[in-house]
Amino acid sequence: MPRRRDATIRAALRPSVAAAVTVAARVAPAVILLAVAAWEIVVTRGAPGEVPDDAAWGQAAAAVRVDHRPGELIVFAPPWVDPVGRMHLGELIPPDMAGRLDAARYPVIWELSIRGARSPDTAGLRAVSSRSFGGVTVRRFEQAPAEVLADLVALAPKATVRGKRARGPTVELAEVGFAPHRCAQLVPQPGETVTLDFGRLTLGGSIAGGVGLADVFTRRDVRDPGRLALKVDGEVVAERRFGVDDGWVRFAAATTPGEHAVEVELEAVGKGARDRLICFAAEVRR
Amino acid sequence: MSETRAPAGAAPPDVAGSGVEIVDGIAVERAPDGGMLAARLDRSTWWRRWLPRATGALLFVASLALVLTAQRDVGLARDEVLYMHQGKVYAAWWLDAVTGEPVLTEEKIDAAWGAGRVDAGNGEHPPLLKTMFGLSHALLHDELGVASERTAYRAPTALLQAVLVVLVFAFTLAVWGYAEGVIAALLVLLLPRLFFHSQLACFDAPIATLWFATVVAYYRALASRLWCLGLGVVFGLALATKHNAIILPAVVVAHYAWVSLWSRRRQWRGDRDRARDLLAGGRTRSRLALVVRMIGPTLREAAVGAARLRPLVFAGLIVVGPLTLFALWPRLWVHPGHVFDWIGFHLDHVHYNFEYLGDNWNAPPFPWHVALVTTLVTVPVVTLVAGGLGAGVLAARAWRGEAAFPDRAPALLIFLSFGASIGPFFLGSTPIFGAEKHWAPAIPSLCIAAGVGAVWAARRLGALVVERLAWARGRRGLVDGLAIAALGGALVAASAVETAASQPYGLTHYNALAGGAAGGADLGMNRQFWGVAAQGVLPWLRAQPPGKVYSHDASPAWGVYIKEGKLDAGHGDAGREDVGIGRSKYAIVVHELHFNRHDYMIWKAYGTVQPVLVLRAGGVPVVSVYRRP
């Protein structure tokens, strides 16, 4: 009995459902186009308002200035808003800080971000405070800073150099992977390896570094890679090969505290590897 | 051949015995074999005669006025300055030549048009537009004094944009209808990136016009011997505009092959049926065997059809086109081999840096989807959706055998034009810098499909309203008109909002799908090129105490800005790279990913990372200005 009633209902519904589907199918293209047009107008007109203005940035910057102390890192996210951030807080960011190896040596990191973006410098850290100013989120992060015992960039010009080189080493603020990097830059002759001998340094528990090829135009015109090898007491403790599209390649090595001989080998890999502007930075850390 | 359109809402003509049928609302007179003989224009009322002409004229004037007005806010592009200069030289040579000055010597031609290096005299680009820039400058600025130098140089591009809008309207009107034509034309006009390029004295918008003009000329040539000559001339003008015109013959060949075969479809079907019978006799029903067996008959019928259709179009393409190019390019008169150097230059073009999805690309292989994704985030969403709908409608009509003018296959023609324009960018090896400007000739096809799709959707809605609502019965024409106006108006409004939002930094703008300029930046899409945005910081710089400016990518335009009074002479260009920065008191950085290095050079020299001004478009930084502390 119930089954028969269901069938009756289905039979009664069928024509109206079919009609509704037919109507919907006929109306849908126009409705979709109208809906898309309305949505596009609303989104397009509203899009600029999704980006905080200078008033919001001014408030956020003022809040940072109240608690900021020298030596604290300020970062912005997403990367494309970096110029706006620097316009508001650039006086607190020395060029060397902007070209840092990484964020490990800074006890406090201020992150100013928009549109829900996050800076890779604060990855894995937990914000101790977070405030929002008209769409600019200000987060303060604290961490145990890495203690730097020696900066190989600063030491590079005085290092003993062996091997055939076109130029260098010089201390540069260079573009590597489209980001600023304070680094020691050296250009080996094509296919040659150049060794920077830093002599005996007092090491701690690690050496952290980064390396890459500077200058977008020579990277475009010559596609050969470079190679870096970090040697402690003649032993290779870290080695990286880096190509034209690899950007800033990080490396690290655990070391035994005490005095050790430190060398960095830089190679322009391949006979055609001219103009390999090898740019590296490394810090001896406790 | 003339073409006609059945009156909207009119009853279909009596087809019985008349050889006339209504296909997609178009009155088509058929030959006994099913081929199209003619379609006559309905000139029964004065407004049917004059409305299309008045609409075309209105579209032309509105387009020209809009572009000429808007371009004043758009900064000078790096290459544009070179084209302006070279155009002035070319124009002076032509004016000397027609006034009888002794400039027809190799020495004088070399001096004006370049010799030796392929890029001497800007010889890596053909001369038509540059010559037009120069002549326009001589006429509108020097002679008549009715335009500024910049506007005078840019007027030819604006003019050709207006021509494109009218051509799209006229072609779509002739094939699919008035409403389709109006919507398609307005969507072409209100396409942000094409609109941006139509404001510059460059070649990217003009080649879209001349590419489409060639397609239309070919379409006309299929029905008129005289138009074969017109096709050749227009193709020659396209060749003399930009090198991507060399792809156009591929469109013609593919389309011609199809319509040739279509013209022999009865014979081909007979061959196919015989082949099927033979295969059935051999007890095989393999489709592959049928395909293999049909290769020969297909080629034969295509050849017969091609020979009978209009082979003269190829004379236009092969003879008249190159001759037109030759006539317009005096360098070829004395160095004909330069034509190979010109093409070779572009086949081996350096890959400029270009940001795409967060990465900087300057060497192949490039991602296959660059053209697809870039189109999806730069063309108004309504145009994309309506274009997709229209493509589906056209494909369905073709499948059902209801395509408009199947003997000339206009839908296939615009599809092939679209594919040939954008297709090379799926190869992974074609340079992607410049992105959408390189496949701008695809835009008319997309907008025509959008016009067809929008009107189809509106008519579907109109038909439903007439069926369901008592007051609408008997008012089909009115209801359709209202539905088309509402839907078309909504599409055009959305496109207009996108275009308005994109001005004057059109290269920074991304559509609603991307989330506007900021959404494009989030996606890591290219911010801009050619240093156009630098004009936006000139008012600020002008208010500052004098001092040299490191202008990097805007340096070719700097002198023009000073000449125009947008800057004082005290804010002259400081020079290039580190030396220029060292001499400068102010420095600008035009934000592109690979220009970040300029920031770092300035930080090092000025000792600060802090710009004093950051110009933004849609909230996204486009130019930073530094002042030496």
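## Overall make-up

Helices and strands here are DSSP runs, a helix having at least four residues and a strand at least two, numbered from the N terminus. By that count, chain B of this predicted model has 25 helices and nine strands.

Along its principal axes, chain B has C-alpha atoms that fill a box of roughly 90 × 65 × 55 Å.

## A helix pair in chain B

Two packed helices are described by the angle between their axes and the distance between the axes. Helix 8 (residues 204-221) and helix 9 (residues 225-239) of chain B pack with their axes 8 Å apart and at an angle of about 165 degrees. Since angles over 145 degrees count as roughly antiparallel, helix 8 of chain B is roughly antiparallel to helix 9 of chain B. The crossing of helix 8 of chain B past helix 9 of chain B is left-handed.

On the helix 8 side of chain B, the residues that meet helix 9 include I207(B), L210(B), W211(B) and Y218(B). Among those they meet in helix 9 of chain B are W227(B), L231(B), V234(B) and F235(B). Sorted by class, this contact between helix 8 and helix 9 of chain B has 14 nonpolar, two polar and one charged residues.

## A sheet in chain B

Four strands of chain B form an open sheet with mixed pairing, in the order 6-7-9-8. The edges are strand 6 (549-550) and strand 8 (613-617) of chain B; each has a single partner strand, so one side of each is left without a neighbour in the sheet.

Strand 8 of chain B runs antiparallel to strand 9 (residues 620-627) of chain B, and five bridges join them. Opposite L615(B) stands V623(B) in strand 9 of chain B.

## Where the chains touch

In the contact between the chains, 40 residues of chain A meet 52 residues of chain B. On the chain A side, the elements that give two or more residues are helix 1 (2-46), helix 3 (82-89), helix 4 (95-98), strand 7 (165-176) and helix 6 (216-221). Helix 1 of chain A gives the most, with 16 residues. By class, the side of chain A that touches chain B has 28 nonpolar, two polar and 10 charged residues.

## Paired strands in chain A

Strands of a sheet pair through backbone hydrogen bonds, either parallel or antiparallel. Strand 11 (residues 226-232) of chain A is antiparallel to strand 12 (residues 235-242) of chain A, with seven bridges between them. R227(A) has R241(A) in strand 12 of chain A as its bridge partner. These two strands of chain A form a hairpin with two residues between them, and D233(A) in the turn has a positive phi of about 50 degrees.

Strand 11 of chain A also pairs with strand 14 (residues 258-268) of chain A, in the antiparallel sense and over seven bridges. L228(A) stands opposite L266(A) in strand 14 of chain A.

## Backbone details in chain A

Most residues other than glycine have a negative phi, and most peptide bonds are trans. A cis peptide bond, with omega of about 0 degrees, joins A77(A) and P78(A). P78(A) lies in the loop between strand 1 (73-77) and helix 3 of chain A. From G168(A) to P169(A) the peptide bond is also cis, with omega near 5 degrees, and P169(A) is found in strand 7 of chain A.

D275(A), a residue other than glycine, has a positive phi near 55 degrees. The loop between strand 14 and strand 15 (278-285) of chain A holds D275(A).

Conventions
Residues are numbered from 1 along each chain as its sequence is written. Chains are lettered from A and ligands numbered from 1 in the order in which they are written. This is a predicted model: local features need pLDDT of at least 70, side-chain atom pairs count only at pLDDT 80 or more; totals for chains, interfaces and linings use all residues. Axes are lines fitted to C-alpha atoms, for helices over the stretch in contact, and angles run from 0 to 180 degrees between N-to-C directions. Angles under 35 degrees count as roughly parallel, over 145 as roughly antiparallel, 65 to 115 as roughly perpendicular and the rest as oblique. A crossing is left-handed if the near helix is turned anticlockwise from the far one by less than a right angle, and right-handed if clockwise. Two residues are in contact if their C-beta atoms, placed from the backbone, lie within 7 Å. Ala, Val, Leu, Ile, Met, Phe, Trp, Tyr, Cys and Pro count as nonpolar, Asp, Glu, Lys and Arg as charged, and the others, Gly among them, as polar. Two strands pair if DSSP finds at least two bridges between them.
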